[in-house]
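Work through the two exercises below with the sequence and the model in view. Each task is followed by its solution.

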Amino acid sequence: MTAEPMKPATLVSTILLLVLNGCAGHQQSAVDAAGPQAGRIETLFWFFLAILGAVFIIVMAAAAWTLTKRHRGIEQEPLERTHLPPPQTETRLTRVVTIATIATVVILFVLLVSSIVTGKGMAEFANSKNPMVIEVTGWQWWWQVRYQNSDPQQVLDTANEIHIPVGRPVMIRGTSQDVIHSFWVPNLHGKRDLIPSRITTEWIEADHPGVFRGQCAEFCGLQHAHMSVWVVAEPGDKFQAWFNSQLQPAPAPTDPVLQRGQQVFLNYACVYCHTIRGTTAAGQNGPDLTHFGTRQGLAANTLPNSMGNLGGWIVNPQSVKPGNHMATIAVNPDDLQPLLQYLQSLK
Ligand SMILES: [Cu+2]
């Protein structure tokens with residue numbers, strides 16, 4: 001089969017689609033809004049694009065028209081040769097320039113007002129009673145996630161994957177552990193900077209179930225590009241089931257291999273950085289691993305969470321994500337398999 005050359009129009013629309021939707025389908029796209037906040041931003045984007053696109057086409061058409069207009073050259077009227085237009089042209093030019101100036105001011109004003117209205121609309125959830133509050137802390141280069149609750153029994157710690165119930169406003173309280181990061185899940189909202197020792201807030205709400213990808217949007221060092229987060233929006237009951245099971249401590253292993261794996265984890269330095277609730281591991285310098293086996297991704301979603309990838313990560317984290325802050329620990333080859341199985345069993 002011979003490949004036909006792509007028509008220019010197809011090429012342009014393909015590039016546009018790629019740019020607008022991202023390569024991973026619609027899971028990470030500002031023009032495929034999955035909630036009211038992102039919807040407002042999307043509407044504003046299309047509105048700006050339409051108006052500014054029309055202005056662009058008009059300006060280009062006018063430029064093309066003047067450029068291609070036949071020049072009268074040497075046969076010009078003597079008055080024109082001095083570059084002084086005749087009086088009737090002068091009046092016409094004044095009128096055109098005045099109209100263009102007024103149109104510009106009006107258009108800029110319309111754009112200004114529409115972005116203010118959008119901004120005001122974004123704040124609609126700010127008065128919600130009893131909102132769900134999720135604290136998101138950026139670390140080089142992963143996301144710490146804490147579901148806040150006035151009842152300490154209901155506070156949940158996890159990492160790199162956020163679940164939210166569909167149709168309920170969620171307040172993201174963001175901060176940073178080290179440098180400035182930016183929390184950006186384009187299908188749900190715009191960007192919000194995470195700044196050390198400050199708290200910034202944004203509201204998100206998903207209006208349909210889906211899995212949306214977020215990405216750190218502020219250059220934060222070597223592995224900035226490998227700092228992504230999944231937001232899983234699911235129906236209320238499904239969310240509640242997820243939440244309740246995540247609240248549980250890690251299951252105590254009964255299988256001898258898993259028991260061995262747990263001992264391995266507890267004997268190595270892993271415990272200085274990681275927490276597995278229900279064990280003595282209570283480190284605070286790395287992602288909470290209590291239910292690591294339920295997560296889709298590994299190392300802030302740099303890789304899919306599979307046995308093979310996990311083995312590669314633990315044996316040599318620096319080869320997967322150079323510069324990341326997990327120590328390379330020489331795990332005894334006999335210990336590795338039970339350790340991997342144990343980590344995968346943390347459901
Ligand atoms: Cu970052």
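A crossing of two helices is left-handed if the near helix is turned anticlockwise from the far one by less than a right angle, and right-handed if clockwise. The model is predicted, so local features need pLDDT of at least 70 and side-chain atom pairs count only at pLDDT 80 or more, while totals for chains, interfaces and linings use all residues. Residues are numbered from 1 along each chain as its sequence is written.

**Exercise 1.** Describe the packing of helix α8 (residues 307-315) against helix α10 (residues 333-344).

Solution. 
1. Helices (H or I, at least four residues) and strands (E, at least two) are DSSP runs, numbered from the N terminus.
2. The angle between α8 and α10 is about 120°, and their axes are 10 Å apart. Axes are lines fitted to C-alpha atoms, for helices over the stretch in contact, and angles run from 0 to 180 degrees between N-to-C directions.
3. α8 is therefore oblique to α10 (under 35 degrees is roughly parallel, over 145 roughly antiparallel, 65 to 115 roughly perpendicular, the rest oblique).
4. The α8/α10 crossing is right-handed.

**Exercise 2.** State how strand β1 (residues 132-139) pairs with strand β5 (residues 170-176) and with strand β2 (residues 142-147).

Solution. 
1. Two strands pair if DSSP finds at least two bridges between them.
2. β1 and β5 are parallel, with seven bridges; V133 has M171 of β5 as its bridge partner.
3. β1 and β2 are antiparallel, with six bridges; I134 has Y147 of β2 as its bridge partner.
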